[in-house]
Amino acid sequence: MSDWLPKSAAGRRWLGLAPSYFVIGIFMLIPMVIMGVFSFLEPNPYGGVKPIGSLAAYIKIAFEYDLEDKLVFNPGYLNIIFRSFQLSFGATLLCLIFGFPVAYYITLQPENRRNFYIYLVTIPFWTNLLIRTFAWIIILGRGGVIEAPLLATGIIDDSLRMMYSDGAIAIGLTYSYLPLMVLPIYASLEKLDFRLLDAASDLYANRFEIMTKVVIPLSKPGIIAGCILVFIPCLGAFIAPNLLGGGKKLMLGSLVQFQFASARNWPFGGALSMLLLSVVIITLIFYARAAKNRAAMEGSA
Amino acid sequence: MTTAVDIRGVTKIYSPDSNQAVKALDNVSLTINDNEFFTLLGPSGCGKTTLLRLIAGFEQVSGGEIMLFDEEIENLEPNRRPVNTVFQHYALFPHMTIANNVAFGLERLKKPKPEIKATVERVLTLVKMKELGDRRPNQLSGGQQQRVALARALAPSPKVLLLDEPLSALDLKLRQAMREELKQLQRETGITFVFVTHDQEEALAMSDRIAVMSNGEIQQIGKPTDIYEHPVNRFVADFIGDTNFLDGEIVDLNDDLLTCRIGAQSLFETENSGHHKVGDQVTLFLRPEKIMLSVLDQENDSGNRPGKVKNLVYLGNQAAYTVDMGDGIELTAQARPREDGELPFAIGDPIAVSFSARALKVLAQ
């Protein structure tokens, strides 16, 4: 063993992990710190920031200056944030409603066929999300795949106006992140001991009770993981809101993107990003707590 | 006597439409009486667990009928059958406490809360687990989980309790203790027990009646002593206990005795049951414990056969001897150690072997 290697086991472990610390530091931590610092500076109208400290970006989230230069409450951005939560929550719920039965169905298949189905679930990841979201414009749009036959057969005589609505955004988000719900639920259902279902039905549980009393409680780790994996990217999503919401119905993600691109207010974009980040961290802390409680409750085995 | 379970010509074929169809049960008929400890005994793959799962309702019969107290049940879902199962690996719900596990069946039956509480306490006391109601399954040892599984299945007071090799995962001492407890529990509760096992000792120790199964068919049904002393065929004789088999031909008979030739010239006498004639090829069987071994005394040879100790296996309370009788015949016999603990015979010793004609039995082919 060479002399320059650390002596202690902890030191060696650190050395072994050093490349990944390096990558995470360069590509994640430093950009995040830059973003955090920018959020406390003043915007440069031509893009970038002026090196002058300011809390203006954070104040702007809830307040604005009126004509007399007085600070007044403006719920505009808060409404967008609230809507983002609503839509993300709705999309997560839809993902759960569609994703759970899919995951359960796959679990019930013979082993050799399960991998094939999982492979099918992951196929959408092969194509760019932007292109896949464009496809939804063709499906939902005026005279699109859904409307055209209904119009032609006279079932409807005007456009359903499905595009550029909250519904369209929710559908787009659900579609985008459904695999992220299916996979963790499948992972926890796959470990489910199916003899427990026999035991439950032997003890007079009907099909519904088998689901609610045994299958769902035992797949809770997967359900929680899936919900977090869907909810977090939904909050920050901007492709679906921009394309399917028409850019008028903004969400937090599209608002951030807008600040860096068209509005040239980097500090405000940074402040919104920090807000988003803190929500994510709070969600993850909640998840870690829940996981720890569960582990404590079910013993170490 | 009331019939608890009536199995009528039940056949079970797995994946019948594919080319891998497996016939797990072939036209099986048997009746299990109320308040009986009935054991399905057989090697793995004999169909005993399949039969249990058919009674529980986890599988559907391919043919035949299953009646439970004169009621057809083969079309009922498991949750509509008044039977409960103790599973081989317990299948306790890991996300529930012991008390909630035991209460599960009662809650599904929509029993009133105070009654559920009282019943849970009563059955947990019955299996000596009252103190551990707040624990979770993975905090218990295998033996404790076994008791909880038993309590959970007993709590709804099933008409029939199905037990699928419940003791197989326990160590020897615990298994023996649980045998007695199970038997006692069955007597106390008066519930019909249908017990599946591949362990013949377990079956003999606990059962009122045993059905020996092999290849999806019932070989013999009877009391433990019937099965052990009067096996109907070679499979049953071989599966239950240790046995010597002697293949030979009947060469002479009178009203009382058959004389069989085994090997080239050894003659053995056995009781004449009246079913055989001279020239029949037969298999004789002889339990090792029915054979007396003694020191060979050439002078005073009265019906004793000479042999030579070929091998011995020391088992503590006894030793199993393999005796070479000459003429290609080997017998397994048992002998107790002497009071000073020494074994009476050693390998290579000449020895005298004796057994009565009644101990030697003719097996049906």
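Predicted model: local features only at pLDDT ≥ 70, side-chain atom pairs only at ≥ 80, totals over all residues.
# Sheets, domains and a chain contact

Visitor: What is the strand order in the open sheet of five strands of chain B?
Guide: Pairing in this sheet is antiparallel. The twist from one strand to the next averages 45°. Read across the open sheet of chain B, the order is 15-19-16-17-18.

Visitor: Why do strand 15 and strand 18 of chain B each have one side without a neighbour in the sheet?
Guide: Strand 15 spans 292–295 and strand 18 spans 329–335 in chain B. One side of each is left without a neighbour because both stand at the edges, each with a single partner strand.

Visitor: Which residue in strand 4 of chain B is the bridge partner of B:Thr11?
Guide: Strand 1 of chain B holds residues 3–14, and strand 4 holds residues 63–68. They run antiparallel, joined by five bridges. In strand 4 of chain B, the partner of B:Thr11 is B:Gly63.

Visitor: How far apart do the C-alpha centres of domain 1 and domain 2 of chain B lie?
Guide: Domain 1 of chain B runs over 3–239 and domain 2 over 245–363. Their C-alpha centres are separated by 40 Å.

Visitor: How many residues does the contact take from each of these domains of chain B?
Guide: On domain 1 of chain B, the side touching domain 2 has two nonpolar, one polar and one charged residues. The contact's count for domain 1 of chain B is four residues, and for domain 2 of chain B it is four residues.

Visitor: Which element gives the most to the side of chain A that touches chain B?
Guide: The contact takes 18 residues from chain A and 21 residues from chain B. Helix 8 (195–202) and helix 9 (207–218) of chain A are the elements giving two or more residues to chain A's side. That side divides into nine nonpolar, three polar and six charged residues. Giving the most, with six residues, is helix 8 of chain A.

Note on methods. Residues numbered from 1 in each chain as written. Chains lettered and ligands numbered in written order. Contact = placed C-beta atoms within 7 Å. Helix = DSSP H or I, 4+ residues; strand = E, 2+ residues; numbered from the N terminus. Nonpolar A, V, L, I, M, F, W, Y, C, P; charged D, E, K, R; others polar. Pairing = 2+ DSSP bridges. Domains from an automatic or database assignment. Axes fitted to C-alpha atoms, helices over the stretch in contact; angles between N-to-C directions.
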